[in-house]
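Good morning, and thank you for coming. Please look at the structure as I show it, and keep it in view while I speak.

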Amino acid sequence: MSEREGHSPVIRMRGIQTRYGPHWVHQDLDLDVYRGDLLALVGGSGAGKTTLLRQMIDLQRPDAGSIELFGEPLQAGPRAERFARRRRAGVLFQQGALFSAFTVYDNIAFPLRECGGLHEDEILAMVMSRLELVQLKPQHAMLMPAQLSGGMIKRVALARALALEPELLLLDEPTAGLDPERSARFVELIRSLHEGLGLTVVFVTHDLDTLSALANRVAVLAEHRILATGSLEEVHAVDHPFINNFFRYRSAVGERDETEEAGS
Amino acid sequence: MKTRAHAEALSHAPPPSLAREGSRVVLRGDWCLFALRPRLLILRAQLRLQTQHLTEWDLSAVTRIDAFGALLLLRCWGKTEPASVIMSDIQRAAFDRIRNAAHQSLPHTPIDWLSPVRVVGEWVLGAASHLYDFTTMLGLVVLEVLRLVIEPRNIPFKEFSAALYKTGLRAMPISALVGFLIGVVLSYLSALQLRNFGAEALIINILGIGIIRELGPVLVSILVAGRSGSAITAQLGVMRVTEEIDALSAMGVSRHQRLVWPKVLALACAMPLLVAWTSLAALAGGMVCAQLLLDIEWAYFFSVLPNVVPIENLYIGLAKGAVFGTAIALIACHFGLRVKPNTESLSANTTASVVTAITSVILLDALFAMLTRGIGVPLR
């Protein structure tokens, strides 16, 4: 938002070590996320991207290492303080994780009601504005999650994640399972929210289109650590087998598109 | 060190406040939801006091404002916003995000006089749909049996054996324990009464007929309905939620052949065995207690039992077991297949499955008692 907050990291991870049984996922991993970032976490399947995302908001603890969220250690302070810190972040889970017993309206109203002290009229206004924000119509509010399509589930889940106007938004595979048009629209939506709300966004993706359309910074997770961070071009320029391999496909697609255009 | 200072600055941001300065209302501090919440009552009251149309509003001292903060002000201003509001573009954006929705209020739902009629109607239709689904499933399972007789190659032996192991063998410890303890209790209470009449030897008749004919089958059925019935419903329900049942259908595999049929058959086979096992445990419990309280030797108990309990009682008990087992499995599968893909439906159906199974078992037991009233009861 303001200039003085521009340089301190929103998330600061240092020396993260994680393992599942004998299998190391992260070793001595360092990562900083700054205010205003649209950071893409990319890496192969099973590289621990989602694990890293979960660790950022204390859904899972690393075996070693320190994590700071909004400049404070994740575990610091009494329970109420830890929970308040967590509420400043919104999360969009891969499958949406909507409460299937609640309507769309109640799903989005849930974090607001948890907050306490709000009038029903105010909750209504907040929910309706969130629906408008994610381009859903008011009549969708009374549907149950089971009645929604995949793209709508993502948008409702995003609306719920945005209910408290968080400063930080974590997205796990935001465009997975959406068709190219929907995924392009979803990317556009997140971009506009990022500008409008001054959000910091961290997202995990496998989709190179999403990556190039959304990210203003890229972090490549491979070999148990962050191989490179920077703009897409900077990361692309790094000479490493994994990165070359990962982006080779992208350039192949790009070239194919060009030849097709030339041919037609 | 810098980050720490920054964090301090954030957490010690001035709380939201509102003051009247001449003809102006000056807002200060952090007007975000979490900062507002502790002072919401006071701020609401203060906002209500402002005569909004005459005043000028100054938001330049507000450090942050989110959509909720904007909503509070918009609702205070009403439909006509004050002529002069001093705020930055970022603050204006927060107002824009909520402005369209700000004056909506909850729609009044008209009182529905017909709702009692509708409740009854829905209940009847629900019962009818249950009956329809259950009959359909029963028919399909029977057809499946015929199909398997023609093509025995398709008999799902693995599924059957897995179900037999899970619902039968794994239920043995708990049913033995419960049976033994019930046997002890029953024997103890009967012994106290019988001793008053000097009719100690009759305890063998009471325990024998009571346990073998009635208590064994019903006790096991209730245990199995709670244990395996709920498991079957939950398993099928989760398979429904995760689309596994659709995947089976897509591969051209009949769900009734592969999922329902083995479970029904397994319970129909396992239940008589469990009934025998539990009755045995209950008789053992009764025998131990009778020996301790009434000095009835185990050998005597064993030698008299066949004489006072006609063998028909055992057949009735085992038949009951098979029928109850079939009923429990069918009911559990019925509710499992009715689960809709959400958590609420899963839990509701599991509950309904267990309750219905236990109720039906007891109804069937009453039916059995009526049909077999002349069989196996020695009348002297």
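I shall begin with how the model should be read, then turn to the contact between the chains, and then to the strands and domains.

This is a predicted model, in which local features need pLDDT of at least 70 and side-chain atom pairs count only at pLDDT 80 or more, while totals for chains, interfaces and linings use all residues. Residues are numbered from 1 along each chain as its sequence is written, chains are lettered from A and ligands numbered from 1 in the order in which they are written, and side-chain values use heavy atoms, with hydrogens and water left out.

Let us take the interface. Chain A gives 40 residues to the contact and chain B gives 31 residues, where contact means heavy atoms within 4.5 Å. The size of an interface is often given as the accessible area lost when the parts come together. Here, the area buried between chain A and chain B is about 3000 Å², and carbon and sulfur atoms give 61% of that area. Buried area is the accessible area, taken with a 1.4 Å probe, that two parts lose on being put together, summed over both.

How many salt bridges are there between chain A and chain B? The count is 3, a salt bridge being a side-chain nitrogen of Lys or Arg within 4 Å of a carboxyl oxygen of Asp or Glu. One of these pairs B:R44 with A:E122, whose closest N and O atoms are 2.5 Å apart.

Which elements give two or more residues to the side of chain A that touches chain B? They are β5 (72-73), α3 (104-115), α4 (120-133) and α6 (180-197) of chain A. Helices (H or I, at least four residues) and strands (E, at least two) are DSSP runs, numbered from the N terminus. The largest share, 11 residues, comes from α4(A).

Now to the strands of chain A. Strand β1 (residues 9-20) runs antiparallel to strand β2 (residues 23-34), and 8 bridges join them; two strands pair if DSSP finds at least two bridges between them. Within this pair, A:I11 stands opposite A:V33 of β2(A). The two strands form a hairpin with 2 residues between them, and A:G21 in the turn has a positive phi of about 60°. β1(A) is also joined to strand β4 (residues 64-69) of chain A by 5 bridges, again antiparallel, and there A:R12 has A:E68 as its bridge partner.

Chain B has an open sheet of 4 strands in the order β1-β2-β3-β4, with mixed pairing. Its edge strands, β1 (17-21) and β4 (85-86), each pair on one side only.

Finally, the domain assignment, which is automatic or from a database, gives chain B domain 1 (8-99) and domain 2 (128-371).
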